[in-house]
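Welcome! Please take a moment to look over the sequence and the model below, and then we can walk through them together.

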Amino acid sequence: MARSSPAMLLATALTVAVLAAGALAGDIAIYWGQNGNEGTLKETCATGLYKFVNVAFLPTFGKGQTPVLNLAGHCNPATNGCTGVGADIKSCQSMGIKVFLSIGGGVGSYGLSSRADARNVSKYLWNNYLGGKSESRPLGDAVLDGIDFDIETGVSLHWDDLARALKSYSKRGYKSKPVYLAAAPQCPFPDASLGTALGTGLFDYVWVQFYNNPSCQYSASAGVGGLASAWAKWTSIRAGRVFLGLPAAPQAAGSGFVTTSDLVSQVLPVVRNSTKYGGIMLWSRYYDGLTGYSKAVKSEV
């Protein structure tokens, strides 16, 4: 075998370094839909800042309830007024952005009473938001990329059944698209509501909320220790990519806001060490528009 020259070895080392750096390159996920002053979904995607957008929320479903979409000041689904959002979803997808429907939220009437209830909810989501067919699709004929579980109330009952049922629809509908699953657990590990579901290993993206939980969020006074400990646990789960969830402005959450300078100098060096690091998630587009948070950190994420 021929011996490699020093120049070839240097070139190989540089290539490996570039590939390693690229593997750690992160993306930004954002929540859109809960403030009519945040601009349209199309405008949100056109900023070029985000790789994932969670349309929030479907806060009423399960336990025999008729599912109800709530997009705050953007449109009124009760009068079929949100179907136009479908064109914006297609616009986002044409830019390579994945768009999810976020179910649950901090305020709502939702829950699952049984495995059968979970299957019924999955069928509804498939037919009304994913690749199935329904005469009353709230967001028109757009086929979303997946479902985001933002489950913040109740215990961990049957969310694993819902995840399995939704994944079973992958590649069965429109253009054989996969059904991606995302989740937004709280940073205390394991999450009280989603722990069992996340244990299925079916989730592609997990954006952990590192705010409103002092024990595991960063603060200038407490440092990065609690966050680092929680991050190590979260990146040990069976999931595709794990994201650091943050408020995009001090007023976006009760606690846990991290300044852009602290994020870059203190927090990102810790979380980027994991091979499962996916980037950051921000709540929400409205607050990000106020502060310019994502624009300030995008090149560092």
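Predicted model: local features only at pLDDT ≥ 70, side-chain atom pairs only at ≥ 80, totals over all residues.

## Getting started

A residue is called buried when its relative accessible area is under 20%, exposed when that area is over 50%, and partly exposed in between (1.4 Å probe, protein chains only).

Residues are numbered from 1 along each chain as its sequence is written, and side-chain values use heavy atoms, with hydrogens and water left out.

## Overall size and surface

The C-alpha atoms fill a box of roughly 65 × 50 × 35 Å along the principal axes. The radius of gyration is taken over C-alpha atoms, and the globule rule is 2.2 Å times the number of residues to the power 0.38. With 301 residues, a compact globule would come out near 19 Å, and the protein has 20 Å, which agrees.

Accessible areas come from the Shrake-Rupley method with a 1.4 Å probe; for residues, only the protein chains shown count as cover. The protein exposes about 13200 Å², and carbon and sulfur atoms supply 54% of that area. Contact means heavy atoms within 4.5 Å. Among contacts between residues at least 6 apart in sequence, 72% join residues at least 24 apart.

## The barrel

Helices (H or I, at least four residues) and strands (E, at least two) are DSSP runs, numbered from the N terminus. The protein has 10 helices and 10 strands. Two strands pair if DSSP finds at least two bridges between them. Which strands close into a barrel? Eight of them do, in the order S1-S2-S4-S6-S7-S8-S9-S10, with parallel pairing. Neighbouring strands of this sheet are turned by 25 degrees against each other on average, direction ignored; for such angles, axes are lines fitted to C-alpha atoms, for helices over the stretch in contact, and angles run from 0 to 180 degrees between N-to-C directions.

You can follow part of the barrel pair by pair. S1 and S2 are joined in the parallel sense over four bridges, with Ile30 opposite Val53 in S2. S2 and S4 also pair in the parallel sense, over six bridges, and Leu58 has Ile103 in S4 as its bridge partner. Strand S4 (residues 98-105) then pairs with strand S6 (residues 146-151), parallel again and over six bridges. Here Phe100 is partnered by Gly146 in S6, and Gly104 stands opposite Asp150 in S6.

## What lies inside

How many residues of S2 are buried? Seven of the seven are, so S2 is largely enclosed by the rest of the structure. S4 is mostly covered too, with seven of its eight residues buried.

A nonpolar core is a set of buried Ala, Val, Leu, Ile, Met, Phe, Trp, Tyr and Cys residues joined through side-chain atoms within 4.5 Å. The largest one has 93 residues, and those with the most contacts inside it are Phe149, Trp159, Trp207, Leu244 and Leu263. The largest share of this core, six residues, comes from strand S2 (residues 52-58). Not counting residues up to four places away in sequence, Leu244 touches partners including Val208, Phe210, Leu263 and Met281. In soluble globular proteins, nonpolar side chains tend to be buried together.

Gln209 is found in strand S8 (residues 205-209). Is Gln209 buried or exposed? Gln209 is buried, with a relative accessible area of 6%. Leaving aside neighbours within four places in sequence, its contacts include Asp150, Glu152, Cys187 and Met281.

Helix H3 (residues 85-94) has Val85, Gly86, Asp88, Ile89, Ser91 and Cys92 as its buried residues. These pack against strand S1 (27-32), helix H2 (41-46) and S4. Just after H3, Gly96 takes a positive phi of about 85 degrees.

## Backbone details to look for

One runs from Ala56 to Phe57, with omega near 5 degrees, and Phe57 is found in strand S2. Another joins Trp283 and Ser284, with omega about -5 degrees; Ser284 lies in the loop between strand S10 (277-283) and helix H9 (285-291).

Lys63 has a positive phi of about 55 degrees although it is not a glycine. Lys63 sits in the loop between strand S3 (60-61) and H3 and counts as exposed, at 55% relative accessibility.
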